[in-house]
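Open the model in your viewer and keep the selection tool at hand. We will go stop by stop.

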Amino acid sequence: MEVPILKQHEFLIATVQAALSDADLTLLRDALVERVGKFRSRGVIVDVTALDVMDSFASRTLRDLAHMIRLRGAETVIVGIQPEVAFAMVQLGLNLEGVATALDLEEGLAFLDRRARKSIGQRSRET
Amino acid sequence: MGSALVKLEDRKRFGSDSGAHRPQGAGREEHVPIRSDMDIVGARQRGREIALMLGFQGTDPTLIASAISELARNIVQYAGQGEIVLRIVERDGRRGIEIVARDEGPGIGNLDMALQVGYSTSGGLGLGLPGTKRLMDEFEIGAPRGLGTTVRVVKWKK
């Protein structure tokens with residue numbers, strides 16, 4: 001099942017709506033990495049509220065996604081990891097090291113807003 | 001490695017011998033063929049359904065689904081195809097779900113290494129087997145080189 005990607009101003013929002021196969025996850029990663037350039041986005045939100053399981057493959061793919069997006073000059077935040085999914089991830093020894101996470105979409109947008117403002121501030125100081 | 005396979009035979013006997021005392025549903029099993037990554041999702045969703053039906057609560061259904069996901073992925077990744085058997089089990093009045101992941105792939109070269117965190121021959125995180133072991137109450141593996149891999153795990157209801 002393909003994950004819809006929404007463009008909202010300078011951000012991209014991908015909302016996972018059902019369990020994802022490995023191929024779906026890889027497609028999502030590649031699509032976001034491509035579109036962040038196409039739309040010149042500053043940030044990406046991946047909403048995993050509906051994800052039933054976050055296993056080692058899903059964790060690795062999301063981590064790769066976030067690192068690739070960073071290399072493209074934007075920030076990624078994963079939102080909506082459910083309590084039981086977080087519990088299973090910890091038991092499995094999985095972490096999303098180096099990847100920003102937030103409680104939900106609202107918090108994710110607030111995080112990216114702060115980030116965007118900070119980088120604009122830096123840029124104006126440099127000039 | 002031979003011993004793990006013997007244990008699996010014991011389990012089969014246990015399954016058929018306890019017939020008379022079996023509560024409704026115990027011993028019932030479902031075979032989910034695993035042929036591609038698409039089947040991983042189906043297997044873990046069926047496992048979650050059975051766990052919920054058995055009355056597993058809280059984080060347990062997700063832990064069980066996560067374990068199935070890891071085991072099914074190992075089949076796809078290392079053997080190409082195989083099956084996941086989901087079975088309702090009972091011991092000492094407690095019910096549980098048993099998951100057997102079976103394939104006829106290359107087996108595991110170094111079983112001790114494969115059970116260590118961070119060891120992987122596929123470029124993965126090396127968390128699949130040791131992580132699955134932590135998620136479940138019982139864990140057994142038999143993987144004689146060239147003869148396929150069988151992993152059996154059980155989660156008991158609290």
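Start in chain B. Select residues 37–54, which form helix 2 of chain B. Helix 2 of chain B has 18 residues. From its first C-alpha to its last it reaches 27 Å, close to the 26 Å expected at 1.5 Å a residue. Keep in mind that this is a predicted model.

Now colour the buried residues of helix 2 of chain B. They are B:Asp39, B:Ile40, B:Val41, B:Ala43, B:Arg44, B:Gly47, B:Arg48, B:Ile50, B:Ala51 and B:Leu54. What covers them? Show strand 1 (29–34), helix 3 (60–79), strand 2 (82–91) and strand 3 of chain B, which are included in the cover. Then step just past the end of helix 2 of chain B. There B:Gly55 takes a positive phi of about 95 degrees.

Next, select B:Pro106. Look for it in the loop between strand 3 (94–103) and helix 4 (111–114) of chain B. Why does B:Pro106 count as partly exposed? It has 15 C-beta neighbours inside 10 Å, and the partly exposed class lies between the exposed limit of 12 or fewer and the buried limit of 20 or more. Leaving aside neighbours within four places in sequence, B:Pro106 is in contact with B:Tyr78 and B:Gly146. B:Arg152 is 46 residues away from B:Pro106 along the chain, and their C-alpha atoms are separated by 18 Å.

Move to chain A. Select residues 22–38 for helix 1 and residues 56–71 for helix 2 of chain A. These helices pack at an angle of about 5 degrees, with their axes 10 Å apart. That makes helix 1 of chain A roughly parallel to helix 2 of chain A. Show the side chains at the contact. Helix 1 of chain A brings residues including A:Leu25, A:Leu32 and A:Val36. Helix 2 of chain A brings others, among them A:Phe57, A:Leu65 and A:Ile69. By class, the contact has nine nonpolar, two polar and three charged residues.

Stay on helix 1 of chain A. Which of its residues are buried? Pick out A:Leu25, A:Leu28, A:Leu32 and A:Val36. Look down the axis of helix 1 of chain A: its buried residues fall within an arc of 55 degrees, so they line one face of the helix. They pack against strand 1 (5–8), strand 2 (11–15), strand 3 (43–47) and helix 2 of chain A. Now turn to the face away from the buried side. It carries the exposed residues A:Ala23, A:Asp30, A:Glu34, A:Gly37 and A:Lys38.

Last stop: select A:Arg40. Just after helix 1 of chain A, A:Arg40 takes a positive phi of about 50 degrees.

Conventions: Residues are numbered from 1 along each chain as its sequence is written. Chains are lettered from A and ligands numbered from 1 in the order in which they are written. This is a predicted model: local features need pLDDT of at least 70, side-chain atom pairs count only at pLDDT 80 or more; totals for chains, interfaces and linings use all residues. Axes are lines fitted to C-alpha atoms, for helices over the stretch in contact, and angles run from 0 to 180 degrees between N-to-C directions. Helices (H or I, at least four residues) and strands (E, at least two) are DSSP runs, numbered from the N terminus. Angles under 35 degrees count as roughly parallel, over 145 as roughly antiparallel, 65 to 115 as roughly perpendicular and the rest as oblique. Two residues are in contact if their C-beta atoms, placed from the backbone, lie within 7 Å. Ala, Val, Leu, Ile, Met, Phe, Trp, Tyr, Cys and Pro count as nonpolar, Asp, Glu, Lys and Arg as charged, and the others, Gly among them, as polar. The arc is that of the directions from the helix axis to the C-beta atoms. The expected span of a helix is 1.5 Å times one less than its number of residues.
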